[in-house]
Structures are given as structure tokens and as C-alpha cells.
Amino acid sequence: MNHLVSPSLLSADFLNLNADIEMLNESVADWYHLDIMDGVFVPNISFGMPVIKAIASKATKPLDVHLMIVDPDRYVEEFHKLGAKVLSVHYEACTHLHRTLQHIKSLGMLAGVTLNPHTPVSVLEEIICDADVVMLMSVNPGFGGQKFIENTLDKVRRLKKMIVEKGSNAKIEIDGGVNFETGKQLLDAGADILVAGSFVFGAKDQKATIAGLKNL
Ligand code: DX5
Ligand code: ZN
């Protein structure tokens, strides 16, 4: 029961962000998951620097920033200055992933690498000891509210095995389609961090839903 919960603000009420951040501050959420999209790496555009700055000014817990952008190296310093504590880049968007992860860590942030649903965990074999977080997409990135891809459970088991065998300290984060049912299955498979967007923000009692995910 010591896993983390990172609600995704992609499903927050953007007309009432203030209230949503207050709710998260008061909740048992561990991190705030911020989805950054560029309309190129994924077929959607979310929000950018001014919004992150506003969120950072009020958030009382670490910002978990998920970059769904091409060539993320261009923005590592800027996201650090904006207050990111965890910065995750996509494996599919990095030509020199080792350098990118070292750069993120050199600034004092946790370095995360994210895999799309079709990318096998085996591509991480040579880099697993350099990552603080491995995030597996359990939906195709770009949109909230999609259906959980079941194959992710197998991927988690295989990734966990690799982490143990290689002696890595990487934590396994899962993003997409997380609810009480899939969340429990993911934790049983070896996940450490659950991201949840629509399940949290679409709930009647959001704080209770976060607590429910935390108590799985
Ligand atoms: C999708 C994002 C997710 C999204 C998850 O590209 O990376 O973080 O907010 O949304 P749900 O939890 O609704 O699947
Ligand atoms: Zn995300």
C-alpha cells in the first residue's frame, strides 16, 4: 500500500483550476500529473508554460510532467525552472535517450522514460539503471478517457522482472485507463505509481476516489 497516485490534470475543470488544485492539495494524492502535448508527437495540444506556472504557484506536492513532444531536450531546463520534480520523456521521441535522462537528473529532477503501447519493454535493457521512473502508456497518448489496453499487465510483469534482474531502482508508473479495477490489477503486477485523469475528475467525490486509488 505504499504506491503513489498522480491525478492527471488533463481532465480537470479548466474554468475552475484553482478549486481543482485546492482539492488535490487537500487530498492524499502524491504527485500532480501534467500532460504536455505539441500536436506533432501526439494528435492533440494540451496546455503550456503559463498554465504550468499557475499550477506550480499553488500546488503543494511534486509536479510529474509528462512530455508528449518531439525533441524534448529543447525544454528540459525550462520545465525545471517551471517547477517540475519528475520529468518524463518518450522513448519514441529521443534520439539520445541516455543523454536526455542524464540531463534531467543533473538538474535534480527524477528522470522518467515513457513507452507507447506498441513499444516493447526490452528496448529499455541498456538504460534501465539510468531511469528513475519508467512510465508505460496503457492507452495511446493524446487523450483522456480511453479504454485500458490489457496487454499492459504483461508488460508490467516483464518490466518488473527486468528491473529486479538489472538491480535498477526505477519505479513503474502507469498512464491511461486507470480505475479501481485496472489499478488493482496493475499493482498486483508490480506497478508503483498510478496516473488517473477521467476516473478522478469525472467522479462525484474526487477526494474519495483518490483515497480509493491510494488504498488499493
Ligand atoms: C494521455 C495522458 C494521460 C491522460 C490519462 O495522453 O498521458 O495522462 O490524462 O487519462 P485517463 O486516466 O482518463 O485515461
Ligand atoms: Zn500522461
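I started with the secondary structure around ligand 1: β2 (32–37), β3 (63–68) and β8 (193–196) each supply at least two residues of its shell. I note that this is a predicted model.

I asked which element gives the most to that shell. It is β2, with three residues.

Next I listed the neighbours. I found 20 residues surrounding ligand 1. Ser8, Gly142, Asp175, Gly197 and Ser198 are the closest. I then sorted the shell by class. Ten of its residues are polar, eight are nonpolar and two are charged.

I looked up polar contacts to oxygen atoms of ligand 1. In serine 198, an N or O atom of the side chain is 2.5 Å from a ligand oxygen. In glycine 142, a polar backbone atom lies 2.7 Å from an oxygen of ligand 1. In aspartate 35, a polar side-chain atom is 2.8 Å from an oxygen of the ligand. I then checked how much of the ligand the protein covers. On its own, ligand 1 has 380 Å² of accessible area, and the protein covers 100% of that.

I turned to the pockets. Where does ligand 1 sit? The space it takes is the largest pocket. I recorded about 340 Å³ of space in this pocket.

I went through the lining. The largest pocket is lined by 31 residues. Gly145, Gln146, Gly176, Gly177 and Val178 lie nearest the pocket centre. By class, I have 14 polar, twelve nonpolar and five charged residues in the lining.

β2 and β8 are among the elements that supply at least two residues to the ligand shell.

Notes:
Residues are numbered from 1 along each chain as its sequence is written. Chains are lettered from A and ligands numbered from 1 in the order in which they are written. This is a predicted model: local features need pLDDT of at least 70, side-chain atom pairs count only at pLDDT 80 or more; totals for chains, interfaces and linings use all residues. Side-chain values use heavy atoms; hydrogens and water are left out. A residue is near a molecule or strand if one of its heavy atoms lies within 4 Å of it. A polar contact is a pair of N or O atoms within 3.5 Å; within protein, one must be able to donate a hydrogen and the other to accept it, and residues adjacent in sequence count only if both atoms are side-chain atoms. Accessible areas come from the Shrake-Rupley method with a 1.4 Å probe; for residues, only the protein chains shown count as cover. On a 1 Å grid over the protein atoms alone, a cavity is a set of points where a 1.4 Å probe fits but cannot get out, and a pocket is an open set with protein on both sides within 12 Å along at least five of seven lines; lining residues have an atom within 4 Å of a point. A molecule sits in a cavity or pocket if more than half of its atoms lie within 2 Å of its grid points. Helices (H or I, at least four residues) and strands (E, at least two) are DSSP runs, numbered from the N terminus. Ala, Val, Leu, Ile, Met, Phe, Trp, Tyr, Cys and Pro count as nonpolar, Asp, Glu, Lys and Arg as charged, and the others, Gly among them, as polar. Grid points are joined across faces, edges and corners, and a volume is the space filled by probe spheres set on the points.
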